[in-house]
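User: I'm new to this one and would like to know what the labels rest on. Can you take me through it?

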Amino acid sequence: DIPEGDARAFANGKGRELYAAYQARLRTLNACDFGDLLLHPIAIFRAHPDILKEYHGRFRYILVDEYQDTNTAQYMWLRLLAQRPKDVPQNVCCVGDDDQSIYGWRGAEVDNILRFEKDFLGARVIKLERNYRSTEHILGAASGLISANRDRLGKTLWTDEEGGEKVQVRGLWDGEAEARFVAEECENWV
């Protein structure tokens, strides 16, 4: 289901052909890759409602951790498995933090967590705003930075750890310069 433009943008326009050849080879070998482990059950559940119903009976509760990092296929899995008749509770618990969604480069869709309350009507959202590890200055810097992001649910982080060292910002040229800086700082402390 790759849009034509995306298919042409990969491997000098041969993306769709290569993917089809790769999938054919997997079938020949009676094998599947990680993506197939997600996609095949979705296809089976959609084509065979009786199998989906059987799985509904197997899972009374569903827990998803790091929900902000789920991709579209994982989201579809959850939606299919969580379907219940209107008089049966969905019993879905998703744990995640929209402000910690950092895996968009590998397909994570932060929108999954942003629309959670709409997708799972009656869901109760519990915000864990108290931080036990960081100091006031660190939380202030993090909150100030993330507040510029408009696509978030929002929360007010707080801690009993008053003050703490002030946050320092360093602009470094690249990862190598950053590694050198960190190593030199560690060396200075030693």
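User: Where is Gly 13 found?

Analyst: Gly 13 sits in the loop between helix H1 (4-9) and helix H2 (15-28). Helices here are DSSP runs of H or I with at least four residues, strands are runs of E with at least two, and both are numbered from the N terminus. A word on the source: this is a predicted model, where local features need pLDDT of at least 70 and side-chain atom pairs count only at pLDDT 80 or more, while totals for chains, interfaces and linings use all residues. Residues are numbered from 1 along each chain as its sequence is written, and side-chain values use heavy atoms, with hydrogens and water left out.

User: Why is Gly 13 called partly exposed?

Analyst: Buried means under 20% relative accessible area, exposed means over 50%, and partly exposed is in between (1.4 Å probe, protein chains only). Gly 13 has 26%, so it counts as partly exposed. Gly 13 touches Ala 7 and Arg 8, leaving out residues up to four places away in sequence; contact means heavy atoms within 4.5 Å.

User: What makes Asn 12 exposed?

Analyst: Its relative accessible area is 79%, so Asn 12 is exposed. Asn 12 also lies in the loop between H1 and H2, and its phi is near 55 degrees, a positive value in a residue other than glycine. Most residues other than glycine have a negative phi.

User: What is phi of Glu 66 near, and why does Glu 66 count as partly exposed?

Analyst: Phi of Glu 66 is near 55 degrees, again a positive value in a residue other than glycine. Its relative accessibility is 41%, so Glu 66 counts as partly exposed. You'll find Glu 66 in the loop between S1 and H5.

User: How do you know whether Ala 108 is buried or exposed?

Analyst: Ala 108 has 9% relative accessibility, so it counts as buried. It lies in the loop between S2 and H6 and touches Gln 68, Asp 69, Thr 70, Asn 71 and Tyr 103, not counting residues up to four places away in sequence. Ala 108 and Gln 68 are 40 residues apart along the chain, and their C-alpha atoms are separated by 7.2 Å.

User: And Gly 96, why is that called partly exposed?

Analyst: Gly 96 has a relative accessible area of 40%, so partly exposed is the label. Gly 96 lies in the loop between S2 and helix H6 (111-114). Setting aside neighbours within four places in sequence, Gly 96 is in contact with Tyr 67, Gln 68 and Ile 113.

User: What makes Tyr 132 exposed?

Analyst: Tyr 132 has 62% relative accessibility, so it counts as exposed. Its place is the loop between helix H7 (116-119) and helix H8 (136-146).

User: What is meant by the largest nonpolar core, and how many residues has it?

Analyst: A nonpolar core is a set of buried Ala, Val, Leu, Ile, Met, Phe, Trp, Tyr and Cys residues joined through side-chain atoms within 4.5 Å. The largest one here has 18 residues, and those with the most contacts inside it are Ile 62, Tyr 67, Leu 78, Val 92, Cys 94 and Phe 120. Helix H3 (34-47), strand S1 (62-64), helix H5 (72-82) and strand S2 (92-94) each give two or more residues to this core, and H5 gives the most, with six residues. As for Tyr 67, its contacts include Tyr 75, Leu 78, Cys 94 and Phe 120, not counting residues up to four places away in sequence.

User: At what angle do H3 and H5 pack, and what makes their crossing left-handed?

Analyst: H3 and H5 pack at about 35 degrees, with their axes 9 Å apart. Axes are lines fitted to C-alpha atoms, for helices over the stretch in contact, and angles run from 0 to 180 degrees between N-to-C directions. A crossing is left-handed if the near helix is turned anticlockwise from the far one by less than a right angle, and right-handed if clockwise; the crossing of H3 and H5 is left-handed.

User: How much confidence does the predictor have in this protein?

Analyst: The mean pLDDT is 90, and 97% of the residues reach 70 or more; pLDDT is the predictor's confidence in each residue, from 0 to 100. Among the elements, H1 has the lowest mean pLDDT (76) and helix H9 (residues 175-189) the highest (96).
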